[in-house]
Each structure stands twice: as C-alpha cells, then as structure tokens.
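Please keep the sequence and the model in view while reading.

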Amino acid sequence: MLTLADYPIVFEQRVAWGDMDAFGHVNNVIYYRYIENARLYYLDHLKILQQDVLTVIASNQCKYIRPVVYPDILKIGVRVEELRNSAMRMHYLIYSEVQQMVVAEADAVIVCVDCVNMQKTLIPENVRVGIHKIEKTVQHILD
C-alpha cells in the first residue's frame, strides 16, 4: 500500500465545521472539494492554468475508509498514475492527522481541452515534462 511518502505533492486541508453533515461527519460531497483543492495545488506547480488549455474532469471516484469529523487536518497526497495523450489519471491519498491513518482514496481522469474550441487536445509538452519531473521527486517513473 502506498503512503504519503510516495506522493510528490501533499496538500494540507483543514476540515471546517460546516463541512460536516447532519450525521456529524464530513459529508461525502465535501471530499470532492478537498480533492479539487489538492489537484489544483498540483496543477499550479505545472503552471497549467497559464497554458492555452483547460482541464476538465472526465470521471472521478472516492473510496471512503473512515469518517472524518471537525476538527482535523487532512494531508492529501497527489500523484499522476497514468499519462495519456490528452488526459492523465491522478490518484489521491487522504490522511487524517487526528486519526493518524488513511481515511479515503480517490482517482480522477483529467482531460485537456483547447480553450477556444473546447475540444480535447494534447497535453502541452512542457506540462508533460513537468509531470515527469514532479513524479521523479519520489522515484515514481511514468511510462
């Protein structure tokens, strides 16, 4: 099983009181917001938002392992598991500081689209190179 040390980017997410639902734990939908924050933190390292492409989510899923409650700080590990021509598959490991364990895992497929015609486009070469460079910091080599 992977640990946070296997993830080149680790984003710190504070759990807010309002993130909890009527059942007294973080609502399942909120995890996707946390994952989005972590994803954008990774993408900011690539300066992808300064490119002529947009990124859209083609699919995502989350496996909830343990409930999270306020107050807590989550460490969200982010890594690219698969790099395709126009898309990448990212994996997220969500670790609770309070519980000292993994509380959720998630995956998302992110597709690059041209910002003019909104059609799928190739991942820019400098972004691709940046991904390889980031992943190598934890000895994660993509094919």
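## Salt bridges

Glu12 is partly exposed, with a relative accessible area of 43%; here buried means under 20% relative accessible area, exposed over 50%, and partly exposed in between (1.4 Å probe, protein chains only). The model is predicted, so local features need pLDDT of at least 70 and side-chain atom pairs count only at pLDDT 80 or more, while totals for chains, interfaces and linings use all residues. Residues are numbered from 1 along each chain as its sequence is written, and side-chain values use heavy atoms, with hydrogens and water left out.

Glu12 takes part in a salt bridge with Lys75, in which the closest N and O atoms are 3.0 Å apart. A salt bridge is a side-chain nitrogen of Lys or Arg within 4 Å of a carboxyl oxygen of Asp or Glu. This pair links distant parts of the chain, with Lys75 in strand β3 and Glu12 in strand β1, 63 residues apart. Helices (H or I, at least four residues) and strands (E, at least two) are DSSP runs, numbered from the N terminus.

The whole structure holds five salt bridges. Arg89 and Asp107 form one of them, at 3.5 Å from N to O. Because Arg89 lies in strand β4 and Asp107 in strand β5, the pair ties together parts that are 18 residues apart in sequence. Salt bridges with shared partners join Glu82, Arg84, Arg89 and Asp107 into one network. Within it, Glu82 and Arg89 have their closest N and O atoms 3.3 Å apart. Asp107 is buried, at 18% relative accessibility, whereas Arg89 is partly exposed, at 27%.

## Aromatic pairs

The structure contains four aromatic pairs. Rings of Phe, Tyr and Trp (its six-membered ring) pair if their centres lie within 6.5 Å; planes under 30 degrees apart count as stacked, over 60 as edge-to-face and the rest as tilted. Phe11 and Tyr41 form a tilted pair, because their ring centres are 5.3 Å apart and their planes stand at 55°. Phe11 belongs to strand β1 and Tyr41 to helix α1, 30 residues apart. Phe11 is buried, at 17% relative accessible area, and Tyr41 is partly exposed, at 35%.

Tyr31 and Tyr64 form an edge-to-face pair, 5.0 Å from centre to centre, with 75° between the planes. Since Tyr31 lies in helix α1 and Tyr64 in strand β2, this pair ties together parts that are 33 residues apart in sequence. Tyr31 is buried, at 3% relative accessibility, while Tyr64 is partly exposed, at 37%. Together with Tyr34, these two residues form one aromatic cluster.

## The nonpolar core

In soluble globular proteins, nonpolar side chains tend to be buried together. The largest nonpolar core here has 37 residues, and those with the most contacts inside it are Tyr42, Tyr92 and Ile131. Such a core is a set of buried Ala, Val, Leu, Ile, Met, Phe, Trp, Tyr and Cys residues joined through side-chain atoms within 4.5 Å. The elements giving two or more residues to this core include β1 (9–14), α1 (28–46) and α2 (125–136). Helix α1 gives the most, with eight residues.

## Cysteines

The structure holds zero disulfides, a disulfide being a pair of cysteine sulfur atoms within 2.5 Å. The sulfur of Cys112 is 11 Å from the closest cysteine sulfur, in Cys115, which is too far for a bond. Cys112 is buried, at 0% relative accessible area, whereas Cys115 is partly exposed, at 36%.
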